[in-house]
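Work through the exercises below with the sequence and the 3D structure open. Each task is followed by a solution in steps.

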Amino acid sequence: MALLEVKDLKVYYGVICALKGISFEVNQGEIVTLIGANGAGKTTTMQSVVGLIPKQSGSVILSGKDITKTPCHQIVRLGMTQVPEGRRIFQELSVYENLMMGAFTNPNKASFKEDLDSIYTRFPRLAERRNQIAGTLSGGEQQMLAMGRAIMSHPKLLMLDEPSMGLSPLLVNQVFEIIKDINRDGTTILLVEQNAGKSLAISDRAYVLENGSIVLSGTGKELASSEMVKKAYLGG
């Protein structure tokens, strides 16, 4: 069953057509990845889906509900949360305060301590640094905080935009393991990632974006073995 359906989405920046009528879906329980080169339209897709940038045309359906014109803050309440490129944590707040902000839209306030303990169990470094100012964390710790903050809202669909960007190879491996764990716990994942090899390895399905259009789709395994994908994105 499709949790997210994106249909014929078009986005313009001035006279430039950034998304040329793309359509894709994310089914309940899946990890789905969008791959593509810089400028292909991956981040634009994510931002338009969550309502951060306007759509020229097309529709976005979440759990059967049309959210095409729904404001971004209401979309979070409906169960879709994004971890944006560059993490965008609250630099001046503590780790604990950032996690509190993530829980702001969760109507079940009674579960806050349980949710917090769950985040600290998943991310032990955040537990160790709970009172530390977030802007002083390392890049990997900030990425964990951004993911933890998003999980605090209990999303049905978690959207991750370049979660491995700027991280060491060891931390990249750790982030992908965390993504798999989050998915195993029941959260559906939409992933935008330049590390095509690792993202396809954990994906149920994937789409290839080029110049604002989807040019290829299939299972993660199918795309990982595609000659076109190997040549363009896997160094093959």
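**Exercise 1: a residue in a helix**

Q143 is found in helix α6; helices here are DSSP runs of H or I with at least four residues, strands are runs of E with at least two, and both are numbered from the N terminus. The model is predicted, so local features need pLDDT of at least 70 and side-chain atom pairs count only at pLDDT 80 or more, while totals for chains, interfaces and linings use all residues. Residues are numbered from 1 along each chain as its sequence is written, and side-chain values use heavy atoms, with hydrogens and water left out.

Task: Is Q143 buried or exposed, and which residues is Q143 in contact with, leaving aside its neighbours within four places in sequence?

Solution. Step 1: Q143 has 2% relative accessibility and therefore counts as buried (buried means under 20% relative accessible area, exposed over 50%, partly exposed in between, with a 1.4 Å probe and protein chains only). Step 2: apart from those neighbours, Q143 is in contact with V83, R87, E162, P163, L167 and V175 (contact means heavy atoms within 4.5 Å).

**Exercise 2: α3 and its partners**

Task: Describe how α3 packs with α6 and with α4.

Solution. Step 1: the axes of α3 (residues 95-102) and α6 (residues 139-151) come within 7 Å and cross at roughly 35 degrees. Axes are lines fitted to C-alpha atoms, for helices over the stretch in contact, and angles run from 0 to 180 degrees between N-to-C directions. Step 2: V95, N98, L99 and G102 in α3 meet L145, G148 and R149 in α6.

Step 3: α3 and α4 (residues 112-122) pack with axes 11 Å apart, at an angle of about 125 degrees. That angle makes α3 oblique to α4 (under 35 degrees is roughly parallel, over 145 roughly antiparallel, 65 to 115 roughly perpendicular, and the rest oblique). Step 4: on the α3 side Y96, L99 and M100 meet F112, L116, I119 and Y120 of α4.

**Exercise 3: the sheet**

Task: What is the strand order of the open sheet, and which strands are at its edges?

Solution. Step 1: the four strands run in the order β2-β1-β4-β5, with antiparallel pairing (two strands pair if DSSP finds at least two bridges between them). Step 2: β2 (16-27) and β5 (65-66) are the edge strands, each pairing on one side only. Step 3: β4 (residues 57-62) pairs with β5 over two bridges, and K65 in β5 is the bridge partner of L62. Step 4: helix α1 (residues 42-49) lies across β1 (2-13), β2 and β4, at about 115 degrees to β1.
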